[in-house]
Amino acid sequence: MASYVPGQLPTTFAEEKEYVQAYEDVLERYKDERDRVQKKTFTKWINKHLIKVRKHISDLYEDLRDGHNLISLLEVLSGVTLPREKGRMRFHRLQNVQIALDYLKQRQVKLVNIRNDDITDGNPKLTLGLIWTIILHFQISEIYVGGESGDMSAKEKLLLWTQKLTEGYSGLKCSNFTSSWSDGKVFNAIIHKYRPDLIDMEKVALQSNQENLEQAFAVAEALGVTRLLDPEDVDVPSPDEKSVLTYVSSIYESFPKVPEGGEGVNANEVDSKWQEYQNKVNYLFEWIRQHIILMSDKAFPHNPVELKALYNEYVHFKETEIPAKEAEKAQIQHLYKLFEVWIEFGRILLPQGYHPNDVEEEWGKLIIEMLEREKALRPAVDRLELLLQIANKIQNGALNCEEKITLAKNTLQADAAHIESGQQVQYETEVLMYLEECEQIIRQLQIDVQILRDEKYYQVEQIAMR
């Protein structure tokens, strides 16, 4: 055995045997280390759910043996209440574990070679396998990435999500859930994409792996992601894939996302969409304020034609422009709802005056001014229409009076001809009738002209002269 030199291929049977033994020892240590990290990660993952029902486990292999914590975990994850045996004998433990396994099978979860006695006996390998199956089903399988291929596995979807988030970050390439994460840069880039105010990527480029990992885990924890990993678990050439997958899927679960089949704003478009929202608010505010000033102007023209045109403009504004702007206001409210998750997450700081309620408040002011304007404008239009009718009545009365005078004149001329020829006056009664009728019309015209003067009708003097 002393003749074997590590790093060189064996040349004898003894060296080959020693080589194989050394390889198996390394492989065993790797498996032990992998199992240790998985056990720690899975224990923390279980506890982040069990805390909701005030439960906690310390040893993954021991604390699931009676089936109670396993059932509680599934109840928290599914929202379903499951039956359980209350006794403490082995039979009761086996029965509780079987209840959990049967429920998983009912949900079409594939359990390969895992029996109830494997968990009750605390079999490390199969206990880890069971929890990994549960994580896959309840957490990792829920990954949704817009535009992904329908036949992608959950792991491939999560990798695609990571790649989309880290695209454009210099020197970063994520191709797996092992070595790509060792230096902590991908973790930090994901957090930076969501909260650029919390991570300095220039600093990340200069820090050690351990510093980057600690920073990422601490910041993510502050953002609501349970710390399932420790820097030393990841700062190795090939971190445990299942542990990294579990933690990354927890980040995905905790951070804002676009729901499957729903609307939302993804991390890559937050800034552009938020600018679009602010621009819409600014534009609508400016439009509202301009029209508040316009609506507050109560100096109406005295010309009936101009006033009628002004009223028609108001009706058009009320029936056409207002509905269009109400649609824009509704769009602002809709956009804001998509941003609420980002505001709660701290990614967006809402400036004063940009809440939909602020828009609604300004809109209310405009509506009040509109109602006040309509309240003043409608009677003004009705008044001028009435005065216009009176003016037309005066015009018609004047014409009628002129006709009466013309008739009286013509009748007098006829009688004058009779007198000259020595005949008696024949139409005196008719002339008097025409003049009396004309006098009555003139008296009414004077009354109507006075009404126009009192109301300051814009053409009253021209009408009076008429």
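This is a predicted model: local features need pLDDT of at least 70, side-chain atom pairs count only at pLDDT 80 or more; totals for chains, interfaces and linings use all residues.
Biologist: Okay, and what do you call a pocket?

Modeller: On a 1 Å grid over the protein atoms alone, it is an open set of points where a 1.4 Å probe fits, with protein on both sides within 12 Å along at least five of seven lines; lining residues have an atom within 4 Å of a point.

Biologist: How much space is in the largest pocket?

Modeller: About 370 Å³, counted as the space filled by probe spheres set on grid points that are joined across faces, edges and corners. The lining has 18 residues, and Q38, K125, L128, G129 and K242 are the closest to the centre. Two elements, α1 (13-50) and α6 (124-138), each give two or more residues to this lining.

Biologist: And what is the volume of the second largest pocket?

Modeller: That pocket has about 260 Å³. Look for V145, G146, W161, V258 and N266, which lie nearest its centre among 14 lining residues.

Biologist: Which helix gives the largest share of that lining?

Modeller: α7 does, with 3 residues. By class, the lining of the second largest pocket splits into 9 nonpolar, 3 polar and 2 charged residues.

Biologist: Let's stay with α7. How does α7 sit against α12?

Modeller: The axes of α7 (residues 154-166) and α12 (residues 241-254) come within 11 Å, crossing at roughly 60°. On the α7 side, K155, L158, W161 and T162 make the contact (heavy atoms within 4.5 Å). Their partners on α12 are E241, L245, V248, S249, I251 and Y252.

Biologist: Which classes meet there?

Modeller: You'll find 6 nonpolar, 2 polar and 2 charged residues in the contact of α7 with α12.

Biologist: New topic: at what angle do α3 and α6 cross?

Modeller: Roughly 10°, and the axes of α3 (residues 68-78) and α6 come within 11 Å. Here L70, L73, L74, L77 and S78 of α3 touch L130, I131, I134 and F138 of α6. That contact has 8 nonpolar residues, 1 polar and no charged.

Biologist: What about α4 and α6?

Modeller: Helix α4 (residues 90-106) packs on α6 at about 35°, and their axes are 12 Å apart. From α4 come L101, Y103 and L104, meeting L130, I134 and F138 of α6.

Biologist: How many nonpolar, polar and charged residues are in that one?

Modeller: The contact of α4 with α6 has 6 nonpolar residues, no polar and no charged ones.

Methods:
Residues are numbered from 1 along each chain as its sequence is written. Side-chain values use heavy atoms; hydrogens and water are left out. Axes are lines fitted to C-alpha atoms, for helices over the stretch in contact, and angles run from 0 to 180 degrees between N-to-C directions. Helices (H or I, at least four residues) and strands (E, at least two) are DSSP runs, numbered from the N terminus. Ala, Val, Leu, Ile, Met, Phe, Trp, Tyr, Cys and Pro count as nonpolar, Asp, Glu, Lys and Arg as charged, and the others, Gly among them, as polar.
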